[in-house]
Amino acid sequence: MINILIAGGISLLVTLFGTRFAIAFLVKRGYGQFIRDDGPTSHHTKRGTPTMGGIVVIVATVLGYFLAHLITWLMRSTAQAAPPTASGLLALGVLVGMGLVGFVDDWIKISKARSLGLHSKAKLGLQILVALAFGILVFFFPNERGMTPASTAVSFLRDISWLQLPLALAVLWITFIVISWSNAVNLTDGLDGLASGAASFVFICYAIINIWQYNQACIWSATSQQCYEVRDPYDLAVVSLALAGALFGFLWWNASPAKIFLGDTGSLAIGAAFAALSVLTRTELLMLIVAGLFLVITLSVALQVGFFKLSGGKRLFKMAPLQHHFGLLGWAEVTIVIRFWIVGGLCSALGVGLFYAEWTILR
């Protein structure tokens with residue numbers, strides 16, 4: 001348990017105190033955000049605010065994870081030392097990989113002084129490469145029990161036995177999950193602190209789920225219905241709390257009025273981490289509930305586009321994503337963010353509640 005707390009504490013301190021230096025560095029070089037002309041007019045005041053803050057979150061998470069393992073290794077005489085695992089490294093790998101895609105997108109925006117970065121096809125192509133690499137690698141690295149980090153079954157609260165997929169289809173399914181969640185968080189990151197605050201709830205919930213899975217792992221129990229067949233739940237809890245800590249510290253600077261934005265560097269990476277945790281903990285469909293706020297915001301965009309095409313130019317919302325609709329209704333930005341945080345927190349709590357309820361029913 002100690003390395004889980006150490007990881008969260010280190011990552012929090014890194015972003016809490018380190019982000020100010022990132023802000024100073026980015027401001028000095030003029031690496032500010034460019035605002036779309038067709039966006040909410042209130043956002044034009046944010047032009048020039050430093051972006052690419054996701055770099056700090058990613059660095060803090062990676063440092064928190066590895067330093068926690070190093071510290072517990074040095075303390076092995078007084079604490080349980082657990083080495084990095086394949087699952088933890090794969091989760092960090094897709095986090096960093098998708099963050100690099102976002103960094104390229106952010107850099108093009110900054111260097112060319114425009115609000116649009118990578119061409120949509122190029123951006124999707126890079127996302128597919130990162131997601132596909134993750135989707136393939138999760139079926140390697142079996143442990144001493146022959147378990148790989150992911151399974152070929154579609155999962156909800158655990159693997160669904162009658163939804164076993166052929167290996168090739170399972171890889172495509174996981175690739176789709178990674179791309180979908182990375183774009184979902186990207187769409188949500190439109191107001192100061194919205195995505196970072198809501199995402200921290202998701203990672204806290206997954207830390208709880210990971211710890212519960214570890215305590216009820218099949219390696220400790222012979223009762224198959226009551227235990228969880230998950231490769232490395234304890235190490236995934238370290239990753240989850242490192243991410244939560246990093247986002248909490250970053251929120252100090254990202255809350256309204258934001259001194260720095262996540263940028264695509266951060267939003268794509270966070271979404272990839274959502275996907276990785278859902279796949280590696282065998283809770284892919286549960287993530288739809290735990291991260292329900294992000295799902296609703298993404299659906300608002302799909303509904304807006306679909307309704308616009310079917311109705312011949314009419315709009316379902318004043319603007320999509322959904323947070324901008326409420327902004328045009330006259331809600332203050334802080335009000336939208338806090339209320340969306342509440343919705344996000346309720347979704348995450350509901351997801352954890354369902355996860356625990358399933359275990360008690362089987363018990």
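Is A272 buried or exposed?

**Before starting**

This is a predicted model, in which local features need pLDDT of at least 70 and side-chain atom pairs count only at pLDDT 80 or more, while totals for chains, interfaces and linings use all residues. Residues are numbered from 1 along each chain as its sequence is written, and side-chain values use heavy atoms, with hydrogens and water left out.

**Stop 1: the whole chain**

Show the chain as a cartoon. It has twelve helices and two strands; helices (H or I, at least four residues) and strands (E, at least two) are DSSP runs, numbered from the N terminus. Read from the N terminus, the order of elements is α-α-α-α-β-β-α-α-α-α-α-α-α-α. The radius of gyration is 20 Å, close to the 21 Å that the globule rule gives for 363 residues, so the chain is as compact as a globular protein of that length. That radius is taken over C-alpha atoms, and the globule rule is 2.2 Å times the number of residues to the power 0.38. Along its principal axes, the C-alpha trace spans about 60 × 50 × 35 Å.

Colour by accessibility next. Of the 363 residues, 53% count as buried, where buried means under 20% relative accessible area, exposed over 50%, and partly exposed in between (1.4 Å probe, protein chains only). For contacts with a separation of 6 or more, residues 24 or more positions apart account for 77%; contact means heavy atoms within 4.5 Å.

**Stop 2: α7 and α8**

Two packed helices are described by the angle between their axes and the distance between the axes. Select α7 (233-254) and α8 (263-280). Their axes come within 11 Å and cross at roughly 155°. Axes are lines fitted to C-alpha atoms, for helices over the stretch in contact, and angles run from 0 to 180 degrees between N-to-C directions. The two helices are therefore roughly antiparallel to each other; angles under 35 degrees count as roughly parallel, over 145 as roughly antiparallel, 65 to 115 as roughly perpendicular and the rest as oblique. α7 passes α8 in a left-handed crossing, a crossing being left-handed if the near helix is turned anticlockwise from the far one by less than a right angle, and right-handed if clockwise.

Show side chains for L236, S240, L243 and L247 of α7, and for I270, A273, L277 and L280 of α8, which make the contact. These residues divide into seven nonpolar, one polar and no charged. Here Ala, Val, Leu, Ile, Met, Phe, Trp, Tyr, Cys and Pro count as nonpolar, Asp, Glu, Lys and Arg as charged, and the others, Gly among them, as polar.

**Stop 3**

**Stop 4: A272**

Return to A272, which is found in helix α8. A272 is buried, with a relative accessible area of 0%. Not counting residues up to four places away in sequence, A272 touches V94, M98, V178 and S182. For a distance check, pick F307: A272 and F307 are 35 residues apart in sequence and 28 Å apart in space, C-alpha to C-alpha.

**Stop 5: L293**

Move to L293 in helix α10. At 5% relative accessibility, L293 counts as buried. L293 touches L194, A198, F340, V343, G344 and C347, leaving out residues up to four places away in sequence. T188 is 105 residues from L293 in sequence, and the two are 8.6 Å apart in space, C-alpha to C-alpha.

**Stop 6: backbone exceptions in loops**

Most residues other than glycine have a negative phi, and most peptide bonds are trans.

- S256 to P257: the peptide bond is cis, with omega near -5°. P257 lies in the loop between α7 and α8.
- A320 to P321: this peptide bond is also cis, with omega about 5°. P321 is in the loop between α10 (292-310) and α11 (322-328).
- M52: phi is near 65°, a positive value. M52 sits in the loop between α1 (2-28) and α2 (54-74) and is buried, with a relative accessible area of 4%.
- R282: phi is positive, about 60°. R282 is in the loop between α8 and α9 (287-290) and is buried, with a relative accessible area of 6%.
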